[in-house]
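Visitor: I'm new to this one. Can you show it to me and walk me through it?
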Amino acid sequence: MQLRSHTTAGLWFVLPAMLVVVALLLYPVLSSIFFSFTNRNLLKTVYAFVGAQNFLSVLNSRDFWNAFFTSIKWTAGSVLGQLVVGLLAALALERVPRFSGLYRTLLVIPWAFPAIVIAFSWRWILNDVYGFLPNLLSAFRITNGNVSFLADPQLVFAVALAINIWFGAPLFMINILAALKTVPRDQYEAAMIDGANLGQRFWYITVPHVRRVIGLLLILRTIWVFNNFELLFLITGGGPAGLTTTLPIHAYRTGWGLRQLGMASAITVLLLIFLLVAAALAFKLVSRWERTPAR
Amino acid sequence: MTRLLMNLRSYTVPYAFLSVLAVLAAFPLFWIVLSSIKSTPELANDPLSLWPSQPTLDHYRRVLFELGALTNLGNSLVISLSTTLLTIAISAPAAYGIVRFYPRVGQRLTQLLISTYMFPPILLAVPYTIIMISLGLSNTYFGLVLAYLSFSIPYAVWMLTAFYQTVPLEIEEAAYVDGAGRFRTFLSVASPIVLPGLVATAIYTFINAFNEFLFALLFINTSERMPIAVALYSLGGSEVLDWGAMMAASVVVVVPSIVFFLFIQKYIAAGLAEGSVK
Amino acid sequence: MSLRAYRPLTALALGAGLALSTFASGALAQDDLSGDLVFWSSFTQGPRAEYMQRMADKFTAVHPNVKISIETFSWNEFNTKWTTGLAAGQVPDISTALPNQVVEMIDVGALVPVDDVIDAIGRDRFAASALLEGQKDGNSYSLPVYSHAQVMWYRKDLLDAKGLAVPTTWAELRDAAIALNDPPNVYGLSVPLGTNDFMGTRYLNYYVQSAGSALIDASGRADLTSPAAIEGINFWVDLYKQVSPQGSINYNVLDQATLFYQGKTAFDFNSGFHIGGVAANTPDLLDDFAAAPLPRLKAGDPIYGGETANIALVAWAVGKHQAAAKAFLESLYEDADYIEFIHSVPGGMLPALSDISQQPAYQDNDLLKQFASSVAVIEQVIPLGSAIGMEDGPKIQAGIITSQAVIEQMFQDIILNGTPVETAAQAAEDKLNELFVAAGAVFTD
């Protein structure tokens, strides 16, 4: 093929992007890995090598493991919730004959909110003295007095999770909706003629088509939620009593609160290793999905 | 008539479900707009009122004119537009190049770019600050835009690769035979075909840059240069907690975002649908 | 947010500077001050922000070769800014600072001594205890610019309605708060324990001070397990459960103060900033509240200094134009201008120069007159107190105890996880001591 033989020309096309990746991603990553073996303090420019000491301390620290499990709960809960709600919403939108445009427009709204506005809006609605929701529940005698959603240890994690699902479901909904439109209608009709019920039609026709498309989206979203610092930090600050402290927040506190940059770097290196392993496994799964023809 | 009603009944479940979701989705927006026009005493003493007894635009006046939110909005626009333009200018050729010249590398490269997402932004921040100081870029829009390229370019390249793959080779070959060079082909032949994809990617990049918080907080030092998201945060830390002003400021930030989002969401859906058919 | 007047005035200053510098330098031989100064100010809005900008412009008018850019951020952001800035080598020429931050800055060698400025203004005009907070090895690194102290604010109207006297001891406070507790209209008092601030530490410190003890003992170690501390922890945990809104477990100083400003708490603890806060939020309440000294442990105990804050100005070592920077700092203390500055938060900011409060120009302010007795209470306790942990002078431990939220986390642990008080206190004490050592503190036994 004539076009492909000129690979030197191709280099010019990709060079700028490659430069950006090397300068803006490779250097900082290497820099952080380097610092994880030192006792670098945020404020002092003099530091020393400490070998694997940071890693040992981190792996022995209860706070680290708490943050790790909180991160897992947070990511799994959020992504699953967003997927399920997004899927159900997309299916419902696909099904209704009228007003789907209006509904779709309304349902996309949360996606447009920046993290700081999400935090302010929900903290205002949930405020235990002036907020709408606690006062509403109290006025209707559903609760005894104003419940403090963000201060009650039983509720705070679930509430934060619900907010994250509120925010992230539209993304899945839109993508799944687009995927649903690629499913040929005649497959459903053929299946109905063959006697397949709703559940079977869903599992054997809808799911494979959608899976192919959103597999990568799922991975990206999972990584994003796992690494996200701002949303939870702005809503709860990681508290109370560390109940909503995820790994990024823990790393932030260590590096910028306690000023122990070396230790914080160690935390994120461990985080990175975990994600790389998890992502490698996930990719295998997704490429298997993509290679399976959707009949 | 009865047939219509019978049909509607089979749709009640999805309609009911969608209605509940729609209320949940839209309520916060409704509520912050409502709260932003309530007077301060009313906000404190009448939490359940659905309409202000004395609507006031004081909070907006304060936020826009005394506190300079208009300036901050302008900053956000400048930063986001620059990021978008640079991202597309770098990513589109890169995506095209991968598709046309490095197809085998294409798959691997995509995975590699995605793995760049794994590193948490919080830790990129300190090395970035150090680089920017030494290049004299701290507290400049250019420095911030560069930092934004680190996450917008990988994603844009990934998105655009899928789109460029849909361009039929025959069209490009025809152009080549007619004497168009590689770059001309890319620019005038391939790119117009994937225009919806380009637009979708540009919008996505713009929104992410507009809403970005952490780097903006750390890299911009002067309150006049702050983009709107960070300016909003500093409002929460100021001397007197003024929920009314915070609500007005929130509305000021989110309404353009929503309007823009809605205006182009059909592009996103269309663009993604096209790109998803590989 | 941006300062509206900033840009045109800077252009003016810049223009003036440029115009003047085109003349032969010999013509302006008197003025050898030059340089672009960066001033990080935590006065983000309102009269104080405008005041600083005016002073900067005024200075530039007199010294045309000096350009001053003011960058503002809140106290929370300031912490992030200077710590990242230092790591990257980007810090200002001058800035405001809280005493606990000053200690950390001195410890990493970020500041230059300002003894020359202090002497030029008049060393004996400053309170010795205020100067002490920024001193190390005989050098002064900080200039106090205003002071405030913590007192107890109470709602006269609510107490009168129930025929209660103003509490003078902790036990009386508890009884009064419980009597006045009427949620959700009014809470007795709110106990702020959020980890994004140091209110828990502050409140515990009041109690401990009333017992004649301290959170950091003479050797420099944290002391959360003394009888006074344990009693104090129990006291606040009990009050949280009895009279505080549940959400206060996450409160920072603003959430806390706003409740009082809007009339939702019967008692609160804060500085004279409350006067301005109520005036701005709920002017109807202005006649209904006043200040009293902090509650004592036993009836008849003397009044003690719970916590005094001397907000400071500092000059950074990295700055290249020390002479200009110091001259600007000095200019902020000229009588008429300084009084105007102090008036921007009447009662909240008390002058750092002792002779100012006698001057008629200072006394001529409506809010100051209305709250004269409350301000007198504050003035009485200012010399008695210090920043938390700095009873014996500046210590790096003082910065850490108020910035790491260890005590707040301890409170949250006790309340939410049911951890026994002694266990939690011991764990917190150990953690603090570890942090002190990691920061380079040396314990003197």
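This is a predicted model: local features need pLDDT of at least 70, side-chain atom pairs count only at pLDDT 80 or more; totals for chains, interfaces and linings use all residues.

Visitor: Start inside. Which residues touch the most other members of the largest nonpolar core?
Guide: They are Phe113(A), Tyr128(B), Tyr164(B) and Phe215(B), in a core of 185 residues. Helix α7 of chain A, residues 156-180, gives the most to this core, with 16 residues.

Visitor: And what does Phe215(B) touch?
Guide: Leaving out residues up to four places away in sequence, its contacts include Pro121(B), Leu124(B), Tyr128(B), Phe151(B) and Ile220(B).

Visitor: Switching to helix α6 of chain A. Which of its residues are buried?
Guide: Phe132(A), Pro134(A), Asn135(A), Leu137(A) and Ser138(A).

Visitor: What covers them?
Guide: The cover includes α5 (115-126) of chain A and α2 (12-36) of chain B. After α6(A) comes Arg141(A), with a positive phi near 60°.

Visitor: Now chains C and A. How many residues are in contact?
Guide: 32 residues of chain C meet 23 of chain A. The two chains bury about 2,200 Å² between them, 53% of it on carbon and sulfur atoms. Thr83(C), Gln246(C) and Leu416(C) supply 22% of the area that chain C buries there.

Visitor: How many salt bridges and polar contacts cross over?
Guide: The rule finds 0 salt bridges. It finds 6 residue pairs in polar contact.

Visitor: Which element gives the largest share of chain C's side?
Guide: α3(C), with 7 residues. That side divides into 13 nonpolar, 14 polar and 5 charged residues.

Note on methods:
Residues are numbered from 1 along each chain as its sequence is written. Chains are lettered from A and ligands numbered from 1 in the order in which they are written. Side-chain values use heavy atoms; hydrogens and water are left out. A nonpolar core is a set of buried Ala, Val, Leu, Ile, Met, Phe, Trp, Tyr and Cys residues joined through side-chain atoms within 4.5 Å. Buried means under 20% relative accessible area, exposed over 50%, partly exposed in between (1.4 Å probe, protein chains only). Helices (H or I, at least four residues) and strands (E, at least two) are DSSP runs, numbered from the N terminus. Contact means heavy atoms within 4.5 Å. Buried area is the accessible area (1.4 Å probe) that two parts lose on being put together, summed over both. A salt bridge is a side-chain nitrogen of Lys or Arg within 4 Å of a carboxyl oxygen of Asp or Glu. A polar contact is a pair of N or O atoms within 3.5 Å; within protein, one must be able to donate a hydrogen and the other to accept it, and residues adjacent in sequence count only if both atoms are side-chain atoms. Ala, Val, Leu, Ile, Met, Phe, Trp, Tyr, Cys and Pro count as nonpolar, Asp, Glu, Lys and Arg as charged, and the others, Gly among them, as polar.
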